[in-house]
Amino acid sequence: DWVTTTVAGFSGNTGATDGPASLAMFNSPNGIAMDASETLYVADQLNYTIRKVAPTGSSWVVSTLGGQVLHAGTADGTGTNALFYRPWGIVVDQAGNLFVADSMNNTIRKGTPVLTPLPALQILLSANQVVLSWPMAANNFVLETARTLDPGASWTALTNGIAISGNNQFLTNEVGAGPAFFRLRSQ
C-alpha cells in the first residue's frame with residue numbers, strides 16, 4: 001500500500017510560480033530526477049524551464065534553475081540566459097550535473113552547478129527572542145544549533161517552525177539558559 005502526498009504544485013492549475021511547495025505551479029512537468037541530498041529536478045515542459053524542488057525543514061521550496069517561462073529557444077548560458085524548447089527528461093549525476101533531453105531542439109543539454117557564495121545568517125535579539133533569517137536561495141542549507149564550539153560539539157538541526165517572508169526564511173526561538181551557537185550547513 002502507498003500513501004500519496006503532493007510534494008509541490010497547485011493541483012488543477014498551471015503556471016510558473018516559484019516559492020513554497022503548496023503555492024508553486026508547473027505546466028506539464030515531464031521528467032524528474034533526485035540528487036544525493038534529496039533535491040528534485042523537474043523538466044517543466046510547457047514552461048520551457050528546469051525547476052528545482054528542494055527540501056526545507058518539513059516542506060519543500062520550488063525555484064527555477066534555467067530557461068525563461070513561455071519563451072522557447074535554444075541557447076546555452078546561466079539561469080534565464082539558457083533557453084529550452086520543451087525539456088522532456090532529466091537526470092542528475094553524482095557531481096550534481098543535470099542532463100536534459102531538450103526534445104524540440106533535438107539536443108541533450110548539460111547543466112553544471114555554479115558555485116555561489118555562502119549565505120549569510122542574520123541573528124537579531126529582540127526581547128526574549130532570537131530571530132534567525134537567511135536567504136530563500138539557501139534552500140540546500142540546514143540551520144543547526146549547538147551549546148559549545150568545542151571540536152566535538154553536537155549540532156542539532158532546527159527544522160520545525162521555519163517560516164518564509166519575502167525572499168527570506170526565518171526562525172524565531174525563545175532565549176534559553178546558557179549560550180547557543182547557530183550555523184547554516186550545506187546538505
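In this predicted model, a polar atom of the T148 side chain sits 3.4 Å from the backbone nitrogen of D150. T148 itself belongs to the loop between β11 (141–146) and β12 (156–157). Its relative accessibility is 33%, so T148 counts as partly exposed. Setting aside neighbours within four places in sequence, T148 is in contact with A153 and F181. For a sense of scale, T148 and D1 are 147 residues apart in sequence, and their C-alpha atoms are 45 Å apart in space.

Let's turn to the salt bridges.

| Salt bridge | Closest N and O atoms |
|---|---|
| D18 with R51 | 3.0 Å |
| D44 with R51 | 2.6 Å |
| E144 with R185 | 2.8 Å |

Take the pair D18 and R51, joined by a salt bridge. D18 lies in the segment before β1 (19–20) and R51 in strand β4 (residues 49–56), so this pair ties together parts that are 33 residues apart in sequence. D18 is partly exposed, at 36% relative accessibility, whereas R51 is buried, with a relative accessible area of 0%. D44, another salt-bridge partner of R51, is buried as well.

The salt bridge between E144 and R185 brings us back to β11: E144 lies in that strand and R185 in strand β15 (residues 181–186), so the pair ties together parts 41 residues apart in sequence. E144 is buried, with a relative accessible area of 5%, while R185 is partly exposed, with 37%. As for D18, D44 and R51, salt bridges that share partners join them into one network.

Methods:
Residues are numbered from 1 along each chain as its sequence is written. This is a predicted model: local features need pLDDT of at least 70, side-chain atom pairs count only at pLDDT 80 or more; totals for chains, interfaces and linings use all residues. Side-chain values use heavy atoms; hydrogens and water are left out. Helices (H or I, at least four residues) and strands (E, at least two) are DSSP runs, numbered from the N terminus. Buried means under 20% relative accessible area, exposed over 50%, partly exposed in between (1.4 Å probe, protein chains only). Contact means heavy atoms within 4.5 Å. A polar contact is a pair of N or O atoms within 3.5 Å; within protein, one must be able to donate a hydrogen and the other to accept it, and residues adjacent in sequence count only if both atoms are side-chain atoms. A salt bridge is a side-chain nitrogen of Lys or Arg within 4 Å of a carboxyl oxygen of Asp or Glu.
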